[in-house]
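Hi,

Here is the structure I said I'd pass on.

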Amino acid sequence: MRAMIIDDSRAMRSILRRIVTDLDFETSEAEHGQAALDQMRAGVVPDVCLVDWNMPVMDGYTFITEVRANPEWRDVTLMMVTTESEQRQIVRALAAGAHEYVIKPFTPDAIVDKLSLLGLVPA
Amino acid sequence: MSAVLPEAEAPESADLLAVTEDVWMALLGDDGVLLPRAVPPGSPFDATAWSAATTISGGWHGVVTVELDEVLARRLTTRMLALPAEEEASDSDVADAVGELVNMVGGNVKSLMPGPSVLSLPAVAAGRAAFSSDSALACRLDLVWQDAPVRVSVHVPQEGPR
């Protein structure tokens with residue numbers, strides 16, 4: 001399995017990378033949505049993206065709408081990992097095509113549980 | 001010195017503490033707990049500090065600021081980046097980690113207040129935080145973690161003539 005971690009914070013990418021690496025995911029990273037799209041267009045297409053919402057250049061919501069607009073990426077699972085906790089925004093992200101939503105701060109178990117719910121790691 | 005507003009216009013201190021403790025536990029939980037710290041009212045943060053701020057705008061307006069002791073800021077960074085003990089965090093790494101800290105606290109403060117609102121990207125500085133003269137202190141926590149001081153503040157726009 002391959003995970004792409006999309007967050008403008010290097011520290012947060014490091015935390016998430018350790019969690020998914022422990023689950024035997026291969027990882028790639030991007031510091032905003034546009035950089036992630038560039039990687040995917042260059043052929044680095046992950047099984048799951050862990051996406052922050054508030055990022056410079058391209059935010060996570062826009063990234064999700066861009067991914068969902070491309071039929072070639074329909075199998076990519078999208079999980080928001082963000083401080084954005086307003087119900088309205090959660091509904092908006094899920095409606096745009098996010099499969100799961102994790103609010104920061106989180107425990108490693110919260111990420112593992114969500115990946116398990118998505119069938120990406122054994123329950 | 002900033003005015004202090006009624007609590008109705010700001011997050012409750014208990015809620016701000018709960019948010020801060022949740023973030024702290026997630027990032028540094030295994031190493032100890034945050035404790036209250038007695039500080040004279042109105043006194044500036046008394047440490048060489050890193051400070052970070054994020055602005056909430058929309059249904060509610062305010063600025064959430066976190067100020068950290070230098071040693072603590074570097075320990076936080078080392079922990080978040082899982083750096084080896086012999087490796088010192090760079091200033092840009094510290095800025096990144098402290099920015100993510102205020103992002104998490106600010107995002108959760110936003111969820112406590114009337115919305116919808118937007119959270120800005122964090123602004124981080126090496127040094128004490130500066131506050132706009134047209135803002136008022138709404139809520140403040142002075143805390144200590146393993147002898148290192150931490151201050152979390154919420155400022156809101158000040159009403160009345162400017």
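Below is what turned up, going from the contact between the chains to single residues.

First, the ground rules: this is a predicted model, where local features need pLDDT of at least 70, side-chain atom pairs count only at pLDDT 80 or more, and totals for chains, interfaces and linings use all residues. Residues are numbered from 1 along each chain as its sequence is written, while chains are lettered from A and ligands numbered from 1 in the order in which they are written.

Let's start where the chains meet. On chain B, 22 residues are in contact with 18 residues of chain A (contact means that the C-beta atoms, placed from the backbone, lie within 7 Å). Helices H1 (13-28), H2 (70-81) and H3 (91-112) of chain B each supply at least two residues of the side that touches chain A; helices (H or I, at least four residues) and strands (E, at least two) are DSSP runs, numbered from the N terminus. The biggest share of that side comes from H3(B), with 10 residues.

Buried means 20 or more other C-beta atoms within 10 Å of a residue's own, exposed means 12 or fewer, and partly exposed is in between, with C-beta atoms placed from the backbone. Not counting residues up to four places away in sequence, Val105(B) touches Val19(B), Thr20(B), Val23(B), Val64(B), Val66(B) and Val152(B).

Now for chain A. UniProt, in an unreviewed entry, puts the feature "domain: Response regulatory" at residues 2-119 of chain A, and "modified residue: 4-aspartylphosphate" at Asp52(A), also from an unreviewed entry. UniProt positions are given in the numbering used here, feature names are shortened, and annotations may be inferred rather than shown by experiment. Asp52(A) lies in the loop between strand E3 (48-51) and helix H3 (60-68) of chain A. Why does Asp52(A) count as buried? Because it has 27 C-beta neighbours inside 10 Å. Leaving aside neighbours within four places in sequence, its contacts are Ile6(A), Asp7(A), Asp8(A), Gly60(A), Val81(A) and Thr82(A).

Val57(A) is in the loop between E3 and H3 of chain A. Its phi is positive, about 70°, although it is not a glycine, and it is exposed because it has 11 other C-beta atoms within 10 Å. Asp24(A), in the loop between helix H1 (10-22) and strand E2 (26-30) of chain A, has a positive phi near 70°. Most residues other than glycine have a negative phi, and most peptide bonds are trans.

A cis peptide bond joins Lys104(A) and Pro105(A), with omega about 0°, and Pro105(A) lies in the loop between E5 and helix H5 (108-117) of chain A. The bond from Gly115(B) to Pro116(B) is cis, with omega near 0°, and Pro116(B) sits in the loop between H3 and strand E4 (117-119) of chain B.

Cheers

Terms used: Two residues are in contact if their C-beta atoms, placed from the backbone, lie within 7 Å.
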